[in-house]
Amino acid sequence: MKCGSCVQAVEKILKSHPKINNASVNLVTKTAFLEINDSNHSLSDLIQTLTSKGFPTRERQYHAISNISELEIKENQNLWSKWQQLIIATTLLILSGLGHLVEGQQISFPFIGSLPFHAALATFALLGPGKSILKAGLKSAVILTPTMDTLVSLGVLSAYIASIVALIWPKVGWPCFFNEPVMLLGFVLLGRFLEERARINTGTALKELAQLQPETANLILENNEIREIRIGALRPGEKIQLLAGDRIPVDGLVIQGNSAIDVSSLTGESLPLEATPGVELPSGSLNLESTITLEVTKIGSDTAIAKIISLVEEAQARKAPIQGLADKVAGIFCYGVTTLALMTFLFWWKIGTRIWPEVLEVSNKGFMQSHHLHDHLMNTTQSPIGLSFQLSIAVLVVACPCALGLATPTVITVASGEAAKRGWLFKGGDVIEMASKISQIIFDKTGTLTIGRPLVVGCWETKNSERNVMLKLAASIEQDSRHPLAQAIIQEAHKKEITLEKVSTSTTYPGKGLAGKINNLEGLVRVGTPEWMKSEGVEWNEKTENNFQLSKRNAQSIVAVALENKLLGFFLIDDQLRKDALLSINKLRSRGFSLSLFSGDRDSAVLSLGEKLGFNSKQITWQMLPSDKLNKLNLLKNNGLVAMIGDGINDAPALAAADLGVAIGTGTQIAQDSADLVLLGENLEALPNALQLSKEAMLKIKQNLAWAFGYNLIALPIAAGVLLPSSGLLLSPPLAALLMALSSISVVVNALSLKSK
């Protein structure tokens, strides 16, 4: 595929197949993403049809790493092939230029400069570097699906055939255009080489992601021998060794060793992850400090890096709705240009030169005209039919459906790739476009604005106790508990490097707390709810009650600690606000977004957090069931497009129903599956940054489309000779070819400028 017309032709063939519900074709990656209504159906007949129509096709297997390697090899082969064609075409251009100098008696060189010499150059250009263009262009014309190759082929062959006729039958009085095929093909191939180089750069982000997964791993055998093997040979349950500086090849569970892991390449998180036994590590992350042993949990396409690459590829295949107009125009563009070229030829041959006979005199002095030094090869127009040929060829060549076809997919490819490098996974070009239009944002509380796990945020102790002593007793009693509040107390003890004591007996009271005895300590230790403490006869005076009531306002949960009947104090436990939550919220407010806060938690906890983040009471709703979130979201849709930010199973219905569902990467898998945009890691500031990227991407798309449409609106009339009678301005076919090439390159370069954002 080389232009928007090719895309339209391929999509038309795909969508006409009865087993295909929808098809999205990407000109940049040269892939088609299909929705098939029969998973068992073979695509062989479809592949054969496309190949027979001039679009060689094969089914793509989604094995991320090998796929990217294959793609890179093929890209390099294509670029090398285009480079070889360009070298040959450039050599022919130089010889053609030497011929003009010989004809103008600037230099002396036998044979070069003669008409047969230039005829031979043109013939060689058509049969050599131009052969693939002519073959593809004529084939497309025969099956009535014209493409950019068709327009170039018609222009080149028109010049060549007219020149052959003039050479064989001089009496017809036509000028010779043998230099036109050489110059046209030279500029077209130069443009395609530069375009291919720029286009390859749009996919670098995906290749960089693929390179995060090494090709080999150090397998630990049963006798503890270490053997290096290909990662494709690894199986779940096997153990691998990772040295400091090694990339993690597969998803795995740390079973031995401690280290710091750099996950910034996947999530954008700047701080390293602490790897200790029991911690799961994603493939593609980097082991920074010391040797660790992993148990393989996921391999191949199930690994984190493979899923990210697959999501990015799918995103690049799915079109933004704004591309629809460009595709429709590109689909009929070649028909329109061919018609215009024919009308231009007939007009200037039979009508234009009679109305303005002076154009035959001024056309050889006009702006944007190629100059030649001899009569036989001159591009100057000595007859109406010569001018007609020149203008109609310029119309065919200057037209550029390539720019239209590349305007949107180049930006989507660059934007989705760059976003993935920062840990933001857009699931399609349509998602990027939707993200740029959002005006309202709804936040879930737990796990989204907060970190999603309880921590000790404060403590109150009686005069007779010390905080560290109380913490040591409580953590020792709770050390075997899996309750989230117990884990918060244990984590606080670890943070303060407190050594826990052994427990001789322990009893759990469901919904109330734990009681037990610690070795070498007399008396029963109780850890649990204040209400339970009171019921067990623990001392509770007026001062204690006042402090308890005050603490309830500042924390979601309170855990009391007592030794026998004496209260030692209580811990204030709450979910912590994400460190960048306030900054992110303020960024979104400053950009004009309307914000709301939904939560299933009790009113005091939600109102307290909302107050810290600057929400007013009308923007906050609490004690909501999943159905409540869904109903309220649907009401907000009446005021504009809505994004929902969540992380849990209870957020999945609202994420799916929102115009843009955004999942935090630390959340549940079902939330990520329901969302349109996944923000990996724990950095909430990624949200305003991802929304800003979507706006910048849409701006680039609009700029590209404006340029692609504007270029053709201006260039085509000039090529058809609109300015020739009044100003003597004439666009020569070689310069038309150069402008056509530059228009395609410009949209790719504009898309690549997103990388510097």
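Helix H6 (residues 148–168) and helix H11 (residues 323–355) cross at roughly 15°, and their axes come within 9 Å. This is a predicted model, in which local features need pLDDT of at least 70 and side-chain atom pairs count only at pLDDT 80 or more, while totals for chains, interfaces and linings use all residues. Residues are numbered from 1 along each chain as its sequence is written, and side-chain values use heavy atoms, leaving out hydrogens and water.

Helices here are DSSP runs (H or I, at least four residues), numbered from the N terminus. Axes are lines fitted to C-alpha atoms over the stretch in contact, with angles from 0 to 180 degrees between N-to-C directions. H6 and H11 are therefore roughly parallel (angles under 35 degrees). Met 148, Leu 151 and Leu 154 of H6 make the contact with Cys 334, Val 337 and Thr 338 of H11 (heavy atoms within 4.5 Å).

A second pair is H17 (residues 467–478) and H18 (residues 484–495). They pack at about 130°, with axes 9 Å apart. From H17, Leu 471, Ala 474, Ala 475 and Glu 478 meet H18 residues including Ile 489 and Ile 490.

Now the cysteines. Cys 6 is buried at 4% relative accessible area (buried means under 20%, with a 1.4 Å probe, protein chains only). Cys 459 is buried too, at 18%. The count of disulfides is zero (cysteine sulfur atoms within 2.5 Å).

Last, confidence. The chain averages a pLDDT of 82, and 90% of the residues score at least 70 (pLDDT is the predictor's confidence in each residue, from 0 to 100). Over residues 365–381, pLDDT stays under 50.

Technical notes:
Buried means under 20% relative accessible area, exposed over 50%, partly exposed in between (1.4 Å probe, protein chains only). Helices (H or I, at least four residues) and strands (E, at least two) are DSSP runs, numbered from the N terminus. Angles under 35 degrees count as roughly parallel, over 145 as roughly antiparallel, 65 to 115 as roughly perpendicular and the rest as oblique.
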